[in-house]
Amino acid sequence: MPTLEKPKKRDMLKIDDIHVYRGRTYVLQGVSLEVGRREIVALIGANGAGKTTLLRTISGLLRPKKGKILFQPDSQSQEIDISGASPEQIVQLGISHCPEGRGIFSRLSVLENLMIGAYLRKNRNEILDDYNSICRVFPILKEREDQAAGSLSGGEQEMLAIGRALMSRPELLILDEPSLGLGPIVVESLFQVLSEINSRGVTILLVEQNAIMALDLAHRAYVLETGRVVLYGTSGELAGNEDVQKAYLGGIV
Amino acid sequence: MSGGYIAQQIVNGLVLGSMYALVAIGFSMIYGIIRLINFAHGDIVMIGAFVTLGLFQTLGIPFPVVALAVLTAGGIIGIMIERGTFRPIRGAPQVTGFIASLGISIMLQNLGVMFLTAQPRNFSFPDYLQRVIKIGAVTFRTIDAVIMISAFCLMALLMFLVHRTKLGMAMRATAENIDMARLMGININRTILSAFAMGSALAGIAGLMWGGKFGQIDPLLGFVPGLKSFVAAVIGGVGSIPGAILGGYILGLSEVLFVGLLPPVYSAFRDAFVFVTLILILLILPNGIFGKRIEDRP
Ligand SMILES: Nc1ncnc2c1ncn2[C@@H]1O[C@H](COP(=O)(O)OP(=O)(O)OP(=O)(O)O)[C@@H](O)[C@H]1O
Ligand SMILES: [Mg+2]
């Protein structure tokens with residue numbers, strides 16, 4: 001009887017001791033972090049800790065002075081050091097970055113924003129399939145498809161930004177504070193969607209201020225403080241940690 | 001003042017406005033995509049005029065072929081300027097770009113004087129382009145009709161490229177947010193280069209028109225169309241292509257009507273009038289007619 005082969009759990013993204021400067025500011029002072037295949041990993045930390053800097057380095061907008069970023073798109077392929085690659089190459093490899101502040105193209109229509117997410121893809125039918133499935137998740141985007149994206153509400157813009165990031169069919173989705181400025185109900189449903197996206201096989205690295213929700217969603221988490229990882233573990237471990245409770249969970253669990 | 005006279009002035013204004021609009025589009029596209037006012041843009045008009053002179057009048061190549069060649073030449077000059085100057089300094093403070101473009105402008109003018117002498121040259125198109133057409137009280141030459149119609153077609157083609165093609169979408173995305181465009185996988189070097197190529201091609205063809213319209217060209221001729229088209233782009237809202245087109249026609253029409261409708265003593269103030277128009281419009285609409293507030297990039 002054929003046994004189902006258990007997939008070897010190998011890391012999809014392995015960040016190895018990266019050091020990143022922004023201008024003259026030494027922001028990331030040796031950060032290491034792993035994201036396993038199909039995992040949701042949260043990254044929490046105070047303002048200015050370097051979370052955005054880390055994500056921008058992963059997606060190629062910033063270059064580390066030192067250190068490696070190893071990415072393995074699928075379990076068959078080779079690990080690639082992407083620390084010197086351009087953002088264009090990195091999206092092509094399967095990492096999609098949904099940035100802080102959403103970064104939608106406000107003068108392009110909603111439909112154009114989604115289609116530009118699939119800029120590097122060729123297969124029209126597949127693109128259309130993905131478009132339709134994103135519209136099923138976020139029906140409002142379909143309703144507003146001809147409208148300028150800048151006219152959407154904040155929550156709708158976040159949906160658009162996530163939808164656009166998914167249009168590249170990423171293996172790894174990195175999100176920078178998707179809940180920023182959104183009401184609790186919208187955040188709740190957004191996190192629901194993220195969990196669904198993950199269950200369809202997309203690995204997620206999530207930066208969040210809302211640590212309670214982030215730990216609730218994620219399998220594992222890292223705590224970043226002034227450019228260094230000070231703590232990491234499973235979400236349960238971190239939620240139970242006294243320092244984390246005091247600093248990020250407002251003392252309540 | 002008869003209706004016929006006014007109609008005549010309107011036609012003249014449309015011809016002038018077509019040329020301003022074509023040049024203004026390039027200003028706006030280049031500003032829109034990399035927030036650079038390219039002072040060398042007017043000099044591409046001059047190059048277009050000389051290429052026309054060389055190919056058409058000296059070598060006798062057929063007019064439609066020359067028009068295509070001039071478009072191409074303008075595009076190539078734009079590409080060379082971007083690759084040679086603006087790409088290496090990308091990311092530098094805005095003022096670096098201004099100075100660099102001024103430098104290119106002066107260089108192109110001086111190269112022109114060096115190789116072509118400052119002597120104005122006659123630019124006479126053959127009869128079939130100079131033939132006088134009379135419709136009612138309005139008379140114009142074939143070249144005027146060619147200018148108006150081809151400008152319209154080129155603008156329509158450009159709008160199609162920018163709004164209906166993948167490259168155009170990538171250009172608009174790059175103009176809005178370079179980092180985000182890169183995260184989408186857009187090769188921004190290519191979109192920026194395309195904006196330079198398209199804008200400069202239109203400036204080149206405007207040079208052909210300028211020569212045909214005014215009959216004389218010299219290496220410094222780029223200054224006036226450059227400056228006025230810049231004004232047109234600002235009136236329309238710099239960064240906006242429809243704004244540049246509208247600004248070009250507004251400027252062309254109002255300039256011609258100013259000269260044509262006021263007593264002749266005022267016609268010497270034609271250029272002053274252009275700037276008064278600019279100031280008035282900016283007082284009412286600080287971002288120009290179609291201007292969206294475009295914030296400076298850090
Ligand atoms: N362009 C820049 N030039 C110089 N320093 C910068 C730049 N951008 C960010 N920094 C600095 O880098 C540090 C980390 O910034 P970063 O944006 O990565 O923090 P963050 O953890 O994402 O914070 P937040 O939670 O507020 O988004 C901060 O001290 C910030 O001042
Ligand atoms: Mg941040």
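Modeller: A term to begin with: buried means under 20% relative accessible area, exposed over 50%, and partly exposed in between, with a 1.4 Å probe and protein chains only. By that scale Glu126(A) is partly exposed, because its relative accessible area is 33%.

Colleague: What are the ground rules here?

Modeller: This is a predicted model, where local features need pLDDT of at least 70, side-chain atom pairs count only at pLDDT 80 or more, and totals for chains, interfaces and linings use all residues. Residues are numbered from 1 along each chain as its sequence is written, chains are lettered from A and ligands numbered from 1 in the order in which they are written, and side-chain values use heavy atoms, with hydrogens and water left out.

Colleague: How many salt bridges over all chains?

Modeller: The structure holds 20. A salt bridge here is a side-chain nitrogen of Lys or Arg within 4 Å of a carboxyl oxygen of Asp or Glu.

Colleague: Which residue does Glu126(A) form a salt bridge with?

Modeller: Arg169(A), with the closest N and O atoms 3.5 Å apart. Arg169(A) sits in the loop between helix 6 and strand 7 (172-176) of chain A, Glu126(A) in helix 4 (residues 124-137) of chain A, so the pair links distant parts of the chain, 43 residues apart. Helices (H or I, at least four residues) and strands (E, at least two) are DSSP runs, numbered from the N terminus.

Colleague: And Arg169(A), why does that count as partly exposed?

Modeller: Because its relative accessibility is 41%.

Colleague: Give me a buried pair.

Modeller: Glu158(A) and Arg102(A) are both buried. Their side chains meet in a salt bridge, 2.9 Å from N to O. Glu158(A) is in helix 6 (residues 154-166) of chain A, and Arg102(A) is in the loop between strand 6 (95-98) and helix 3 (110-117) of chain A, 56 residues apart.

Colleague: Switching to the metal. Which protein donors does the magnesium ion have?

Modeller: Thr52(A) through OG1 and Glu100(A) through OE, lying 1.9 to 2.4 Å from the magnesium ion (ligand 2). Thr52(A) lies in helix 1 (residues 51-58) of chain A and Glu100(A) in the loop between strand 6 and helix 3 of chain A, so the pair ties together parts 48 residues apart in sequence. Donors are N, O and S atoms within 2.8 Å of the metal (3.2 Å for Na, K and Ca); water is not among the atoms, so sites may look incomplete.

Colleague: What order does the open sheet of four strands have?

Modeller: The order is 2-1-4-5 in chain A, with antiparallel pairing. Strands pair if DSSP finds at least two bridges between them. The edge strands are strand 2 (25-36) and strand 5 (80-81) of chain A. Two bridges join strand 4 (residues 66-71) of chain A to strand 5 of chain A. Phe71(A) stands opposite Ile80(A) in strand 5 of chain A.

Colleague: Last topic, confidence. What does chain B average?

Modeller: A pLDDT of 93, with 97% of the residues scoring at least 70. pLDDT is the predictor's confidence in each residue, from 0 to 100. The complex gets an ipTM of 0.92 and a pTM of 0.92 from the predictor.
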